[in-house]
Structure formats: structure tokens, C-alpha cells
Number of protein chains: 2
Amino acid sequence: MKNILIIGCGLLGSSLLRKISQKKITKNILIYEKSKKNVTKIKKLKLPGIQVKKLEYAVPISDLIIFCTPMSEYKKIILRINKYLDPKQIITDVGSSKLKSAEIIKKNLIKKVSWTSSHPVAGSEVSGPEYGKANLFENKWCVLIKDKKTNLRHLKFLNSFWKKMGSKTVIMNSEKHDKIFSITSHLPHLIAYNLVKSAQDFEKKQKYDLVKYSAGGLRDFSRIAASNEIMWRDIFFDNRKNVSKAIDLFVKNLIAFKKDINLRQNKSILKKLIQTKKVRSKIIKLRQDTNKPDFGRN
Amino acid sequence: MKNILIIGCGLLGSSLLRKISQKKITKNILIYEKSKKNVTKIKKLKLPGIQVKKLEYAVPISDLIIFCTPMSEYKKIILRINKYLDPKQIITDVGSSKLKSAEIIKKNLIKKVSWTSSHPVAGSEVSGPEYGKANLFENKWCVLIKDKKTNLRHLKFLNSFWKKMGSKTVIMNSEKHDKIFSITSHLPHLIAYNLVKSAQDFEKKQKYDLVKYSAGGLRDFSRIAASNEIMWRDIFFDNRKNVSKAIDLFVKNLIAFKKDINLRQNKSILKKLIQTKKVRSKIIKLRQDTNKPDFGRN
């Protein structure tokens, strides 16, 4: 492989950059970054790779193109690069929601080329190239999307590429992907944002200084609610059908909880509070989290 | 001080035990623990202090009595020890909800003695004496309750006692306490339980294996949802008035979020997603959490 082009060099893009460079899987890594602030940061950090100013020069010479921008940028960039694309090129992205972007890609991408979507389940509440790290994908899942028109050769290539990045890979279709992540990721983020918002509303109304007592629970949610707003707006909008359904299920269960509490339904509430523990045990068994109490904070 | 009696020796009780012993602030520490499993654990762990089999022997000789049991045990224990109590004795507890237990205490505790309530804002998803540690209270808030009939001498003593335990202390009344913690602690726990329950419901219905993809958000909630069920049932029941109100505010905000998502209200949603970041910065500034991305997990 001669040239890999990373479009958008924030947390994800710069982590890929570092890892690709470390693994020496290409001769050159080209970086296209729109934000002037990030361009300067990348220079200062002396990250590997060559920053290119124009996509028009970089795209035609790239063997692999990886979109690491917010999903709302895809359309604009596709329309700009369409005429420089070649069917041999492998194109992928790292977006967290798939059905809507597949639609945008289908509608806008020039027909002769294929796009094979990826979703590395790795991220953080921080964003920007300064937070990227080569081991971001280590032992994390990377979901590869296989729909009716997927180019199987490209899929096979990307499967091996993500394994080199340190990921465990799994293949599923866009529909299943968006359903699963509406529950394991999109709803949790929305809930975290909503909890912090509710705490702010309460603080304003009661004029109590709440935040200093956040160690009892709120602080864990505040981490997730500090995630990048553009990325999360895009996810909520793009996966709104599944997210809406997830909200409905959540509200239904919460109202049932409220009823249990108000009517002091001992058996019903204990059953729920015990059941949920099983998920934690499973998460730790699957090494999706540390087993240290309190995340090993102390 | 000659004797301190700890009633209930789980995570909190055994942490107090360790710290009291380390600071040498009493001649003897007496422990009353009901659960045979914990009695054996305490022996095996060779924790400091003397395990007593009967409250009737320990209570009359104790200068300070600390209730570290679930709040639903208070009434039964109070009725058992009432006749052995003396006005000179200082009695406190570590319960997370105050109005309801104040009512139970007022109704059942013999009139001549006073009870001065404490709430060390320290805990974890794990429970049992094996997880206790001397530094559990280090730099954590301990709320001391001051209501109309509070014994100021006892309050002063406890203020100094909790500082010796490593806590920062703050004094407020039961009503304010229960309002604040309904938002910073009780609602977050309920939400976490409810999110994990919703994920379980979804998994059952869709027959997807969700949990392995929990690193995208769900896993953080699962930590909180693994907390002790008896303790949390008691808190939800005891503080149900405030928790109910908190649920209503939360649901109202969530429905507004859903509307923003479905109608693609760009400005409104971005405003919310940006606003909530401020809380995270404040939490970190107040040293209520680590500033390491992803809790420093990796």
C-alpha cells in the first residue's frame, strides 16, 4: 500500500494515524484537516504523516480513504471528491450510525466506486488530535458493515486492516448495527446529557450548589455528557428512528419504576435492582470494563 | 473516648472501623454484625475491633454508636436498644436519605436521647467488609444534619469526628439534604438501573447479544446499576417524594430531547449538548472526579 488518506484528524483520525505509522502499513499517510486549530496542533504534536491542503491532490493518489469527520460532513466531501475517485480505491468511515449515512452515500457517491463502512467502538469524552493514541482501538470491537451491495474484496481488506489497528472485528448489516448501538451507546449518551441538563435545571430553580455533591452518581454521567456535540447531534439525528424507540422503552420502564417506588412495591423493585447486576458481571467477564470498584479511581 | 460501637459492618462500617483504628481515637471498637457471612469475613480479614454477639451488652458501654445498616433496619434496632441508651451517648448513622429516617427515629427512639445524622458521600458499587478501606472518606463530603432539635454538642463532636475520618464536612437540614441528593445521587442511580433494565428488555426482544458492545456507553451505567439493592430500595422508598419529582423533571426533559431529535432542531439540541459540558468542567475543577479521559481506564 502506497498512500492512505485520513480525512478529518481529531481523536479517531489521529489515533489511526499514529497506529498506521507505528505498524508501517503504508508508505505515506496523507492527512486532510479542515480546522485551522487542528492543523496547528498536528504540526506542534509532530504527528506522522503529510498534511495536504487540497483534497483534489490527495484523493487520486490514495489507495485507502478513511472518513473520520462528523457524519454531517460526508455529503459535502463526497461531492467534492467524486470526480477523482477510482473503483480500485477502498473507502471507509468511522461513523457511529450507519443507515442514514448509507442513504447519503448511495445518493451522492459516484456509482462506479464502493464505500465499505466501519465503526470502531472506541472513543472518549475528549476530542481533538492531542488526545489520540496508537492503542485507542486495542481490543475494542470494530463493526464492519455488510449490506446487499458491499464489495467483498474491500470488506476483507478492511477486516484485516482493523485487526492490524488492534481491533476485534465483527460483521453485521446497517440495520442491526443501528438497532444495537441505539441501546448500548446512543441512548446512554442521550440519557447522560439529559440527566446533567436536569441537574442544571434543578440547580437554577432551587439555587442550591449541587455539583460539589456529584460524587454520589452524577459525576459518572457528566463524563459521557462532555462528549463532542457535533458528533452526537449527527448520531441522534441520523439514528432518530431507533433512538426514538429506545427513548420510549426507557420512559415506559422509568414510569414503572416510579410506580414501584410510590406504591412501595418491594418485590417488584428488588427484582429489578438485582437483575441489573447480571449485566455488570457479564460486562466485566467480557472485559468490556475494569473490575476495579469505582473504576479504580481511588 | 472508650468505646465506639459500629452497628452493621459492610463497606461503610468496615471502612470506619479501619480508619478509627488507624487514628487511635478510641480504646475499643465494638462491632455488631447480623449477617453470619460477614461475621466470618471480618474474622478472616483480621479487622481491628471486637465483634459482639448481643447489642444489649455493647450499647450501655458505648460512647458513640454509629448505625451503618440499611435504613430499613433502624426501627427494629432502635426498639431493641432503647432501654440501654443514655443521654450522654452520641448516636449517628450513615444513611443516604434523611427526612424519612428522622421521622422513624422521632417516633421510635426513646425521648431522652439524641440522634445526630451523618451522610458521608462515599460508596461504591461493591458491598461487604472485604471492600472497605481506611481512606474511603478521604476528601469526600460528609453532610451533617442540623434540624430544629439537633443536639449542638453532639453535632460539634461529629463534625470533628468526620474530619478525623478524612472527610470535608458541611451542615444542612434534612429537607435540603434530601432534595440535593435526589438529583445528584438518587436519580442517577435510578436512571442507571433503568437503562440497564431497558437494555435487558431490548436484548430479550431482539435476541441480539448487546452487552459485548457496551463499551460505547452502557458499561459506565452498569457500574452504578451494580450497587447494593437493599440500600437502594430503602433510599428510593424513603426519599420517594423528591425522587418522584426528579423523575418527572427528567422525563419532561427527555421528551423535549426526543422532539428536538425527531424535528431535527439543530440550534436547540446543540445548545443543550454544549451546556452540559460545563458541569463536567466544574466537577473536575472541584476535584469530584479524575480529569483523565475515560476515567483513566486505559
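The model is predicted.

Start with helix α1 of chain A, residues 11-23. How far apart are its end C-alpha atoms? They are 18 Å apart. The helix has 13 residues, and at 1.5 Å a residue it should span 18 Å, so the two values agree.

Now look at what surrounds this helix. α1(A) is mostly covered, with 10 of its 13 residues buried. Among them are A:Leu11, A:Leu12, A:Leu16, A:Leu17 and A:Ile20. A:Arg18 and A:Lys19 are buried too. Which strands do the buried residues of α1(A) pack against? They pack against β1 (3-7), β2 (28-32) and β4 (64-67) of chain A.

Step just past the end of α1(A). There A:Lys24 takes a positive phi of about 50°.

A:Arg287 has a phi of about 55°, although it is not a glycine. Find A:Arg287 in the segment after α12 (277-285). Is A:Arg287 buried or exposed? A:Arg287 has 11 other C-beta atoms within 10 Å, so it is exposed.

Finish in chain B. B:Lys46 sits in the loop between α2 (36-44) and β3 (50-51). Its phi is near 50°, a positive value in a residue other than glycine. B:Lys46 counts as exposed because it has 6 C-beta neighbours inside 10 Å.

Technical notes. Residues numbered from 1 in each chain as written. Chains lettered and ligands numbered in written order. Predicted model: local features only at pLDDT ≥ 70, side-chain atom pairs only at ≥ 80, totals over all residues. Helix = DSSP H or I, 4+ residues; strand = E, 2+ residues; numbered from the N terminus. Buried ≥ 20, exposed ≤ 12 C-beta atoms within 10 Å, placed from the backbone. Expected span 1.5 Å × (residues − 1). Contact = placed C-beta atoms within 7 Å.
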